[in-house]
Amino acid sequence: MSNVNELIVREFFELKGFFVRQPCKHVATSRRDEEEIDLLVANPRPQTATTPLPFVLAPHDLACIPHALITIKGWHSETFSVAFMSYEPDLFRFMEEGPLNQASRSFEPGSRLVRLLVISSLPQTDDLRQQSLQFLRDKGIDGVLLFSDILAELIDQTEERRNYQKSDLLQLIRLLKHYRFFREPQLELFRSRRRSPRQRQTRKSQTSPSAPTGEDPVATP
C-alpha cells in the first residue's frame, strides 16, 4: 500500500480526535499477520449512538466508535463491485483469525473492535451498490469509509490561515486552498451549465416572440 494512502487516513482519524497506532513499522520479506491491518485507532471520548450507524460511514459517524482496526485499499482506479472483490482473494485476509488476534492484543481484553475498510468507490447503480455492501457484510466487515469523504473532510477542516508545520499533508492542503486550487462547494450550485448548440437553438425558439399572423390584436375595452 502506498504511504500516501496511509498518511491521508491517519491524518483523518487524528483530525477526528482518535489515537492512531500503526501495528507494523517495518517491511517484511514475507507476508505476516500484523501487516494485514494498517491502523489501529482508539477514541478517548466515544459518544453513545442513538440510532444504528450506517454501513457506509460519514465522518461524523466515527464519534460513536470506541475502537477500530483499519485496512486501507487505495486502489483509486477500481470500483469495489462484487465481481471485482470476488477476484481479489487477499482483499479480506485481514479478517482471518491471525490478524484479528494480533490486533486485539493492543486493546483491553473484551474490547470490541469495529472492522473498517477504506476503499476508493462503490458502484453507482443502487442494485450493484447494495450487492457490494451485502458482500462486504457477509465477509464480516462492520463499516466502509470512502476516500472521497475522507479527503473532503480534510480539505474542509484545514484552515487557510494556520501554519501546519507538523503535517506535510495539511500544509499542502492549506497552500492549495490559499492559492485557490479548491473552490467552495456552494459556488458550484450557481454555475450555469454550458448548453449545446441544439439546446441554445431550442431555448431561443421558446423565448422569441411569435411571428405575426396578419390579424389585428383584440382591443381591450
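Does Tyr-179 count as buried or exposed, and at what relative accessibility? Tyr-179 counts as exposed, at 58% relative accessibility, where exposed means over 50% relative accessible area, buried under 20% and partly exposed in between, with a 1.4 Å probe and protein chains only. The model is predicted, so that local features need pLDDT of at least 70 and side-chain atom pairs count only at pLDDT 80 or more, while totals for chains, interfaces and linings use all residues. Residues are numbered from 1 along each chain as its sequence is written, and side-chain values use heavy atoms, with hydrogens and water left out.

The protein has 7 helices and 5 strands, which are DSSP runs numbered from the N terminus (helices H or I, at least four residues; strands E, at least two). Along the sequence they follow the pattern α-β-β-β-α-α-β-α-β-α-α-α. Of the 221 residues, 35% count as buried. Among contacts (heavy atoms within 4.5 Å) between residues at least 6 apart in sequence, 67% join residues at least 24 apart.

Helix 5, residues 147–157, has Phe-147, Ile-150, Glu-153 and Leu-154 as buried residues. They cover an arc of only 130 degrees around the axis, which puts them on the same side of helix 5; the arc is that of the directions from the helix axis to the C-beta atoms. The cover over these buried residues includes helix 1 (3–15), strand 3 (67–72), strand 4 (114–119), strand 5 (143–146) and helix 6 (168–178).

Helix 1 also holds Asn-5, which is buried with a relative accessible area of 7%. Leaving aside residues up to four places away in sequence, Asn-5 touches Ile-72, Gly-74, His-76 and Phe-147, and Phe-147 is one of the buried residues of helix 5.

In helix 3, residues 97–104, the buried residues are Pro-99, Leu-100 and Ala-103. Seen down the axis, they fall within an arc of 100 degrees, so they line one face of helix 3. These residues pack against strand 2 (39–42), strand 3 and strand 4.

Together with Leu-175 and Phe-181, Tyr-179 forms a nonpolar patch with about 370 Å² of accessible area.

Notes:
Patches are made of residues with over 30% relative accessible area and no salt bridge: like charges are joined within 9 Å, nonpolar side chains (Val, Leu, Ile, Met, Phe, Trp, Tyr) within 5 Å. Accessible areas come from the Shrake-Rupley method with a 1.4 Å probe; for residues, only the protein chains shown count as cover. A salt bridge is a side-chain nitrogen of Lys or Arg within 4 Å of a carboxyl oxygen of Asp or Glu.
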